[in-house]
Amino acid sequence: MSEATTIAGVAIVPLAWYCLVMGMTPGPNNLMLAASGMNFGWRRTLPHIAGVLAGFCTLIFLAGLGVGALYDRLPALQMILRWCGSFFLVYLAWRIAGASRTEHPADARPLRFVEAAAFQFANPKAWVFSITAAAGFLDGGGLSGSLVLAFAGLCITLLSTTTWTLFGAGLARWIASETILRRVNLAFAAALLATIPLILVD
């Protein structure tokens, strides 16, 4: 790698492309944010967005410092986090499936900041993203390289969370029927559930 393409030992152009592909494709975070944007709107989903940003940037920073390698060597920890993340997704899918404009159960609310941040550490896609980014693009950068990784994660996560939330909020404007809204929520819930086998299978 030449100096022109690296900052603090991080290959910037390949990292940016990798982050774009990994960050913008559908996954648990993006599906949850789209559903939240549709059911609760942009403003009420902001704490959820902030939690994803904080949690993921912390995770990718720690991966750059070597925590990702430790995680990779502990299959028992990986399985615990996979099951925790899967159970959480089942709970969220249940909440999304029951969301409605006319019926508002007591627990109908967007994900809180702390919940969204904590989920990143039980989200295998976030771990894979962080570990592969650190292993593939960090060339002995240490603390400074980890900060560059975290900044790249912040940029792409800000883009992806905003895009998917606005997609959901925009979708809500086109849905006039409560029946259609329920069907779309069921589709989001089914899509979340469909990610669970991918989480549990190594």
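Visitor: Why is Val-21 called partly exposed?

Guide: Its relative accessibility is 38%, and partly exposed means between the limits for buried (under 20% relative accessible area) and exposed (over 50%), with a 1.4 Å probe and protein chains only. Val-21 therefore counts as partly exposed. Do keep in mind that this is a predicted model, where local features need pLDDT of at least 70, side-chain atom pairs count only at pLDDT 80 or more, and totals for chains, interfaces and linings use all residues. Residues are numbered from 1 along each chain as its sequence is written, and side-chain values use heavy atoms, without hydrogens and water.

Visitor: Where does Val-21 lie?

Guide: Val-21 is in helix H1; a helix here is a DSSP run of H or I with at least four residues, numbered from the N terminus.

Visitor: What makes the nonpolar surface patch?

Guide: Trp-17, Leu-20, Val-21 and Leu-159 make this patch of about 390 Å². H1 gives the most, with three residues. Patch residues have over 30% relative accessible area and no salt bridge, and nonpolar side chains are joined within 5 Å.

Visitor: How many cavities of 30 Å³ or more does a search of the whole structure find?

Guide: One. On a 1 Å grid over the protein atoms alone, a cavity is a set of points where a 1.4 Å probe fits but cannot get out; lining residues have an atom within 4 Å of a point. The largest cavity has a volume of about 180 Å³.

Visitor: Which helix gives the most to the lining of the largest cavity?

Guide: Helix H2 does, with five residues.

Technical notes:
On a 1 Å grid over the protein atoms alone, a cavity is a set of points where a 1.4 Å probe fits but cannot get out, and a pocket is an open set with protein on both sides within 12 Å along at least five of seven lines; lining residues have an atom within 4 Å of a point. Grid points are joined across faces, edges and corners, and a volume is the space filled by probe spheres set on the points. Helices (H or I, at least four residues) and strands (E, at least two) are DSSP runs, numbered from the N terminus. Patches are made of residues with over 30% relative accessible area and no salt bridge: like charges are joined within 9 Å, nonpolar side chains (Val, Leu, Ile, Met, Phe, Trp, Tyr) within 5 Å. Accessible areas come from the Shrake-Rupley method with a 1.4 Å probe; for residues, only the protein chains shown count as cover. A salt bridge is a side-chain nitrogen of Lys or Arg within 4 Å of a carboxyl oxygen of Asp or Glu.
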